[in-house]
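User: I would like to go through a protein model step by step. Please show it, and then I will ask about it.

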Amino acid sequence: MWPRVTQGGGTDAPLGRVFVQDPDDWDLADKHFEWAGPPHPLFTLKPSDGMLFASSQVREGRHILD
């Protein structure tokens, strides 16, 4: 993922929904998303729909998210 985060004002920038292999991916309302390990301090994962957000503090670089 190589997003260019330019949104300012201290708000989180939406990056999109995380990808998971799931044969019945139509039932998003029945899903719960969580980090595989400890949460990354500069990214937020919304448990209800898998949307990933970058903090306004994120700087250019490679970030490993599990």
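User: Is Asp27 buried or exposed?
Analyst: This is a predicted model, where local features need pLDDT of at least 70, side-chain atom pairs count only at pLDDT 80 or more, and totals for chains, interfaces and linings use all residues. Residues are numbered from 1 along each chain as its sequence is written, and side-chain values use heavy atoms, with hydrogens and water left out. Buried means under 20% relative accessible area, exposed over 50%, and partly exposed in between (1.4 Å probe, protein chains only). Asp27 has a relative accessible area of 11%, so Asp27 is buried.

User: Which side chain makes a polar contact with the side chain of Asp27?
Analyst: A polar contact is a pair of N or O atoms within 3.5 Å; within protein, one must be able to donate a hydrogen and the other to accept it, and residues adjacent in sequence count only if both atoms are side-chain atoms. At 2.3 Å from the side chain of Asp27, the partner is the side chain of Lys31.

User: Where is Asp27 found relative to the strands?
Analyst: Helices (H or I, at least four residues) and strands (E, at least two) are DSSP runs, numbered from the N terminus. The protein chain has zero helices and three strands, in the pattern β-β-β. Asp27 lies in the loop between strand 1 (13-17) and strand 2 (43-45).

User: What percentage of the residues of the protein chain count as buried?
Analyst: The protein chain has 66 residues.
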